[in-house]
Structure formats: C-alpha cells, structure tokens
Amino acid sequence: MSELDDLRAELTEEVDDVMGEPVLLAFLDGEQRSDPARENTVVNAVLRCDAGHAFNLAKGSKKERTSLSAEPSFLELSRSDYGGPMPKTGDKVQALSRAGLPWFEVLDVSDRGASRIILELGEA
C-alpha cells in the first residue's frame, strides 16, 4: 500500500467514526422482492441527505403524485470496511438511527472511487 493509500484509509476511517450511522441495506430482485442471492445487512456508513423538502409538481392535485426532491441524498460505504454484496439500482436503504426510520431507494451506484462506494438515493 502506498503512503497515499494509507492516508486515504485513515481519513475515511476518521470521517466514518464521526459521521457514520447504522443503515440497513435491503437487497431486492427485479420484482422488488428480497433477493435470495444477496443477504440484507446492517453497516455503518455516512448518509448525507437534504432537509427532506420535496416540491409537488402537480400543484396540489391528489391525482398526480409526482414530486421533486431539492437535493439528492448519498450513502458513502467505506471500501475497507464493507465486504457485502454490491448494491444495485432499485435496492433500498433504511436509516436506523433517524426519527421515523426513513427508507431511501438506490438510484445509482458509483464504485469508481478509491476509498468509497457511493450510492445516490431518492425517496422510497
């Protein structure tokens, strides 16, 4: 491991110690059922999300339920600590230490980072 890799791992660990929280990674198949090939798991990860404000694009109509979140949410998994299955679009994430135990849907997964796997999240 290079000196840069060592520093990157140390920084990631420090951030996770301060900002990490327990989340449930719920792995689903193509039909939104539990995926038997990927076991659900609880991990400590950094969850960054907006204030929860959503804009109703239907202007109050109860027939239309389209909304737009002001900012995307992200879940940051440490590569050095996470050894579970690779999350996929359509999987779910539950914040276990937040009020109401909110659920998020995985919209995109980026595994290009050297120290993190980044999940872009939307409302579930």
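## Strand pairing around S5

Strand S2 (residues 41-48) and strand S5 run antiparallel and are joined by three bridges. Strands are DSSP runs of E with at least two residues, helices are runs of H or I with at least four residues, and both are numbered from the N terminus. Two strands count as paired if DSSP finds at least two bridges between them. Within S5, Phe74 is the bridge partner of Arg48.

S5 is also joined to strand S8 (residues 116-123) by six bridges, and these two strands run antiparallel. Leu75 stands opposite Leu119 in S8. Strand S5 itself spans residues 73-78 and is mostly covered, with five of its six residues buried. Buried means under 20% relative accessible area, exposed means over 50%, and partly exposed lies in between (1.4 Å probe, protein chains only).

## Basis of the model

The model is predicted: local features need pLDDT of at least 70, side-chain atom pairs count only at pLDDT 80 or more, and totals for chains, interfaces and linings use all residues. Residues are numbered from 1 along each chain as its sequence is written, and side-chain values use heavy atoms, with hydrogens and water left out.

## Overall composition

The protein contains one helix and eight strands. Along the sequence, these elements follow the pattern α-β-β-β-β-β-β-β-β. Of its 124 residues, 31% count as buried.

## Salt bridges

Side chains of opposite charge can pair when their charged atoms come close. A salt bridge is defined here as a side-chain nitrogen of Lys or Arg within 4 Å of a carboxyl oxygen of Asp or Glu. By this rule the protein has nine salt bridges. One of them joins Arg98 to Glu21, with the closest N and O atoms 2.8 Å apart. Arg98 lies in the loop between strand S6 (92-95) and strand S7 (103-110), while Glu21 belongs to strand S1 (residues 20-26), so the pair ties together parts that are 77 residues apart in sequence. Arg98 counts as partly exposed because its relative accessibility is 26%, whereas Glu21 is buried, with a relative accessible area of 10%.

Asp91 and Arg38 form another salt bridge, in which the closest N and O atoms are 2.8 Å apart. This pair links distant parts of the chain, 53 residues apart: Asp91 is in the loop between S5 and S6, and Arg38 is in the loop between S1 and S2. Both Asp91 and Arg38 are buried.

Arg116 and Glu76 meet through their side chains in a salt bridge (3.5 Å, N to O). Here too distant parts of the chain are linked: Arg116 is in strand S8 and Glu76 in strand S5, 40 residues apart. Arg116 counts as buried at 10% relative accessibility, and Glu76 counts as buried at 13%. Salt bridges that share partners join Asp16, Arg48, Glu76 and Arg116 into one network.

## A patch of negative charge

Glu3, Asp6, Glu10, Glu13, Glu14, Asp17 and Asp81 gather in a patch of negative charge on the surface. Patches are made of residues with over 30% relative accessible area and no salt bridge, with like charges joined within 9 Å and nonpolar side chains (Val, Leu, Ile, Met, Phe, Trp, Tyr) within 5 Å. Accessible areas come from the Shrake-Rupley method with a 1.4 Å probe, and for residues only the protein chains shown count as cover. Asp and Glu count as negative and Lys and Arg as positive, while His and the chain ends are not counted. The place of a charge is taken as NZ of Lys, CZ of Arg, CG of Asp or CD of Glu.

Within this group, Asp6 is found in helix H1 (residues 3-19). Asp6 counts as partly exposed, at 40% relative accessibility.
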